[in-house]
Amino acid sequence: PSLRRLSLVGNSLGGLYARFAAAELFDGATSLVSSLRPEAFVTIGCPHLGVRGHTFLPVPAPLLPLAGVLFGRTGEDLVMRDSDRVLQEMAGQDGPFL
């Protein structure tokens, strides 16, 4: 059977990956995602705007650089200390990700 529709579901960081992939594969001329008609996009517990300031316990600013040391690139992304500002670009009003 031929695929015609696409639904994306992501939990937590997977929601960010799904959102990024959908934006990268979206064809504005046809409104298709990778030649498929978008059906549903669902994220659950997804930190679309990062987690700095939204943690269960306040994280002192001097400890934020440790996120990258402890959790690698994912930690840097989530506390919005990544060098290429992926989450900030994704959250921008004029970007292709909203």
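Predicted model: local features only at pLDDT ≥ 70, side-chain atom pairs only at ≥ 80, totals over all residues.
Trainee: Which helices and strands does the protein chain have, and in what pattern?

Mentor: The protein chain contains three helices and four strands. Along the sequence they follow the pattern β-α-β-β-β-α-α.

Trainee: What is the mean pLDDT of the protein chain?

Mentor: The mean pLDDT is 82, and 82% of the residues reach 70 or more.

Trainee: Which elements have the lowest and the highest mean pLDDT?

Mentor: Helix α3, residues 86-91, has the lowest mean among the elements, at 70. Strand β1, residues 5-11, has the highest, at 95.

Trainee: Turning to the whole chain, how many of its residues are buried, as a percentage?

Mentor: Of the 98 residues in the protein chain, 24% are buried. The chain exposes about 6,900 Å², and carbon and sulfur atoms supply 60% of that area.

Trainee: And what share of the contacts join residues at least 24 apart?

Mentor: The share is 66%, taken among contacts between residues at least 6 apart in sequence.

Trainee: Now helix α1. How many residues does it have, and what is its reach?

Mentor: Helix α1 covers residues 13-25, which is 13 residues. From its first C-alpha to its last it reaches 19 Å, close to the 18 Å expected at 1.5 Å a residue.

Trainee: Which residues of α1 are buried?

Mentor: They are G15, L16, A18, R19, A22 and A23. Seen down the axis of α1, these buried residues fall within an arc of 160 degrees, so they line one face of the helix.

Trainee: Why would residues three or four places apart point the same way?

Mentor: An α-helix has 3.6 residues a turn, so residues at that spacing point the same way.

Trainee: What does the face of α1 turned away from the buried side carry?

Mentor: That face carries the exposed residues Y17 and E24.

Trainee: Changing topic, how many salt bridges are there?

Mentor: The count comes to two salt bridges. In one of them E39 pairs with R5, with their closest N and O atoms 3.9 Å apart. This pair links distant parts of the chain, since E39 lies in strand β4 (residues 37-44) and R5 in strand β1, 34 residues apart.

Trainee: Which side chain meets R37 in a salt bridge?

Mentor: The side chain of E39 does, at 3.4 Å from N to O.

Trainee: Is G75 buried or exposed?

Mentor: G75 is buried, because its relative accessible area is 7%, and buried means under 20%.

Trainee: What is G75 in contact with, leaving aside its neighbours within four places in sequence?

Mentor: G75 is then in contact with A67 and G68. As for L64, which is 11 residues away along the chain, its C-alpha atom is separated from that of G75 by 9.0 Å.

Definitions and conventions:
Residues numbered from 1 in each chain as written. Heavy atoms only, no water. Helix = DSSP H or I, 4+ residues; strand = E, 2+ residues; numbered from the N terminus. Buried < 20%, exposed > 50% of the residue type's maximum accessible area, 1.4 Å probe, protein only. Contact = heavy atoms within 4.5 Å. Areas by Shrake-Rupley, 256 points an atom, 1.4 Å probe, with all protein chains shown as cover. pLDDT = per-residue confidence, 0-100. Salt bridge = Lys/Arg side-chain N within 4 Å of Asp/Glu carboxyl O. Expected span 1.5 Å × (residues − 1). Arc of directions from axis to C-beta.
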